[in-house]
Amino acid sequence: GASSAGSMTVVGEGGSTTTNLQQGLAKAWANTSGDGTPVIDDSFNNASLTDESTGNQTFTFTNNMANSGYCCNISVLETGFIITIQILGQATSNTNIKSHSLTGTSDSDGKNYSNNGDLA
């Protein structure tokens with residue numbers, strides 16, 4: 001790859017295009033567990049996890065995102081029933097995520113999330 005101040009690019013698989021590595025890296029991610037009060041098992045760029053209410057958690061970043069238009073990817077770990085995920089809010093300093101079962105809000109056995117975008 002070629003590098004310059006704040007930039008590293010690599011040649012793509014076809015050999016004719018390049019990819020900027022900074023743009024493609026996850027800027028924050030977390031793996032949580034705990035039905036009820038969740039805990040962060042492993043993470044990158046996460047200062048804290050706040051349990052707002054049933055199924056509702058806010059992940060606060062150590063280093064803020066440049067804007068609130070980043071991409072947030074979420075999955076849940078659940079063995080008992082079907083869970084859907086709702087992003088309640090994306091701010092430069094945090095992501096707020098809520099999980100729902102077929103009967104209402106629900107704590108899941110765990111959540112995984114990652115954010116892609118630019119850091120501030």
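A polar contact is a pair of N or O atoms within 3.5 Å; within protein, one atom must be able to donate a hydrogen and the other to accept it, and residues adjacent in sequence count only if both atoms are side-chain atoms. Keep that at hand for the second exercise.

The model is predicted, so local features need pLDDT of at least 70 and side-chain atom pairs count only at pLDDT 80 or more, while totals for chains, interfaces and linings use all residues. Residues are numbered from 1 along each chain as its sequence is written, and side-chain values use heavy atoms, with hydrogens and water left out.

**Exercise 1. The overall picture**

Find how many helices and strands the protein chain has, and in which pattern they follow one another.

Solution. Start with the secondary structure. Helices (H or I, at least four residues) and strands (E, at least two) are DSSP runs, numbered from the N terminus. Counting them gives 1 helix and 12 strands. Along the sequence the pattern reads β-β-β-α-β-β-β-β-β-β-β-β-β.

Next, take the extent: the C-alpha atoms fill a box of roughly 50 × 30 × 25 Å along the principal axes.

Then turn to burial. Buried means under 20% relative accessible area, exposed over 50%, and partly exposed in between (1.4 Å probe, protein chains only). Of the 120 residues in the protein chain, 29% are buried.

**Exercise 2. Asparagine 45**

Work out where asparagine 45 is found, and which backbone atoms its side chain reaches.

Solution. Asparagine 45 counts as buried because its relative accessible area is 8%.

Third, apply the opening definition. A polar atom of the asparagine 45 side chain lies 2.9 Å from the backbone oxygen of lysine 27. The side chain also reaches the backbone nitrogen of asparagine 63, at 2.7 Å.

Finally, list the surroundings, where contact means heavy atoms within 4.5 Å. Not counting residues up to four places away in sequence, asparagine 45 touches Lys27, Ala28, Thr60, Phe61, Thr62, Asn63 and Leu119.

**Exercise 3. The open sheet**

Give the strand order of the open sheet of 4 strands, and explain why one side of β5 and of β8 has no neighbour there.

Solution. Two strands pair if DSSP finds at least two bridges between them. With that rule, the order is β5-β4-β12-β8, and the pairing is antiparallel. The edge strands are β5 (39-44) and β8 (71-77); each has a single partner strand, so one side of each is left without a neighbour in the sheet.

Now go through two of the pairs. β4 and β5 pair over 5 bridges in the antiparallel sense, and asparagine 31 stands opposite aspartate 42 in β5. These strands form a hairpin with 5 residues between them, and glycine 34 in the turn has a positive phi of about 115 degrees. β8 pairs with β12 (residues 110-116) over 7 bridges, again antiparallel. Within the sheet, cysteine 72 stands opposite asparagine 115 in β12.

**Exercise 4. The two cysteines**

Explain why cysteine 71 is too far from the closest cysteine sulfur for a bond, and decide whether cysteine 72 is buried or exposed.

Solution. A disulfide is a pair of cysteine sulfur atoms within 2.5 Å. The closest sulfur to that of cysteine 71 belongs to cysteine 72, and at 7.3 Å it is too far for a bond. The count is therefore 0 disulfides.

Cysteine 71 is partly exposed, at 40% relative accessible area, whereas cysteine 72 is buried, at 13%. Leaving aside neighbours within four places in sequence, cysteine 72 is in contact with Ile87, Gln90, Thr95, Tyr113, Ser114 and Asn115.

**Exercise 5. The largest nonpolar core**

Name the residues of the largest nonpolar core and describe the surroundings of alanine 30.

Solution. A nonpolar core is a set of buried Ala, Val, Leu, Ile, Met, Phe, Trp, Tyr and Cys residues joined through side-chain atoms within 4.5 Å. The largest has 9 residues: Ala28, Ala30, Phe59, Phe61, Met65, Tyr70, Cys72, Ile97 and Tyr113. β4 (26-33) and β7 (56-61) are the elements that give two or more residues to this core.

Now zoom in on one member. Alanine 30 lies in strand β4 and is buried, at 3% relative accessibility. Beyond neighbours within four places in sequence, alanine 30 is in contact with Asp42, Ser43, Asn46, Phe59, Lys111, Asn112 and Tyr113.
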